[in-house]
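Trainee: I am new to this one. Can we go through its backbone labels together?
Mentor: Gladly. Have the structure open first.

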Amino acid sequence: NMLATTIGGRTFNNCMMNAAGVRCQNKRDLDALVQSDAGAYVTKSATPQKRAGNPSPRMHTLPHGSINSMGLPNNGLDYYLNYVIADQQKRPGTTNFLSVAGTSLADNLAMLHQIQASEYTGFVELNLSCPNVPGKPQVGYDFDRVHTVLDQVFEFYTKPLGVKLPPYFDLVHFDQIAAILNQYPLTFVNSINSIGNALVVDPQSEQVVIRPKGGYGGIGGASVKPTALANVRGLALRLKPEIAIVGTGGILNGVDVFEHILCGASMVQIGTQFGYEGIPLFDRLAKELTDIMKQKGYTSIDDFRGKLKTFD
Ligand code: RRO
């Protein structure tokens with residue numbers, strides 16, 4: 001199987017999956033992903049209790065992507081934890097991703113204690129990069145805070161864990177975040193979340209396009225691909241080899257997947273384009289990446305993963 005990948009000793013028959021937040025909020029969405037060609041699914045980031053999220057309109061389509069300020073609408077941890085446990089009983093041997101995004105350290109620790117005590121054996125993606133909860137800064141931009149969170153998490157948490165990071169824009173920040181992450185037994189790092197707190201203006205109506213936060217929201221889709229690739233590559237070059245990279249951002253076609261893998265991704269996630277295209281996306285991307293690999297004579301993603309060439 002040409003598209004297979006391995007993370008933390010778990011094998012996935014396809015290196016492509018949804019990104020957290022998009023079409024993964026309820027059982028119907030998740031069942032559709034289970035039936036799809038995706039190699040795994042990730043659930044909408046959970047908080048301890050159900051949340052309605054921010055007022056609408058809270059997502060807007062752009063010519064080259066999307067802007068959102070959803071504000072963490074979700075069904076609460078119990079809902080997603082019950083789903084992934086039932087699924088692992090139905091399909092033993094498969095691994096999926098349970099995303100959690102507490103709006104406080106206490107909430108994250110409480111959720112991880114509950115997951116640790118449960119039967120769940122799959123991956124947890126700890127979201128340190130939600131840009132859209134008013135008054136709650138992105139943890140991933142506060143390096144001391146990331147250190148504190150991970151110190152407290154790994155005091156007790158022993159199951160496979162990864163973190164979802166915001167994009168970084170300075171090489172010194174790649175150095176700083178990698179130096180912190182390398183101190184912990186992380187299974188993976190997922191880069192990037194949306195480019196937070198952007199502002200889209202409609203000149204015709206002279207208005208912002210989404211209601212929350214005065215129109216500020218996170219950008220996803222085609223326009224974030226160069227930032228995503230820089231982050232995937234920047235982390236791949238700095239993290240210890242035991243930490244796999246999940247590449248997210250700007251994937252619309254097989255070429256985009258190929259580029260993420262060249263930059264070091266072992267798995268890729270698709271958010272905005274999955275929102276626009278739905279389940280058929282995964283079959284299309286699998287065909288497109290397979291065609292590229294065949295043209296180049298590659299038989300596995302390990303043949304080119306992380307092997308991007310530079311001039312010096
Ligand atoms: O729900 C959201 O507003 C949201 C989250 Br938690 C996130 O991590 N990234 C994003 O773009 N939106």
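The talk below takes up a few backbone features and the labels given to them.

Mentor: Keep in mind that this is a predicted model.

Trainee: What makes Leu72 count as buried?

Mentor: Leu72 has 21 other C-beta atoms within 10 Å. The label needs 20 or more. So Leu72 is buried.

Trainee: Where is Leu72 placed?

Mentor: Leu72 is in the loop between β5 (65-68) and α2 (77-90). Its phi is positive, near 65°, and Leu72 is a residue other than glycine.

Trainee: Why is Lys213 called partly exposed?

Mentor: Count the C-beta neighbours inside 10 Å: Lys213 has 18. Buried starts at 20 or more, and exposed means 12 or fewer. The count for Lys213 falls in between, so the label is partly exposed.

Trainee: What is the phi of Lys213?

Mentor: About 55°, a positive value, although Lys213 is not a glycine. Lys213 belongs to the loop between β12 (207-208) and β13 (216-220).

Trainee: Now the peptide bonds. Is the bond from Ser56 to Pro57 cis or trans?

Mentor: The bond from Ser56 to Pro57 is cis, and its omega is near 0°. Look for Pro57 in the loop between α1 (27-35) and β4 (59-62).

Trainee: What is omega for the bond from Ser191 to Ile192?

Mentor: Omega is near 15°, and the bond from Ser191 to Ile192 is cis. Ile192 sits in the loop between β9 (188-191) and β10 (195-199).

Note on methods
Residues numbered from 1 in each chain as written. Predicted model: local features only at pLDDT ≥ 70, side-chain atom pairs only at ≥ 80, totals over all residues. Helix = DSSP H or I, 4+ residues; strand = E, 2+ residues; numbered from the N terminus.
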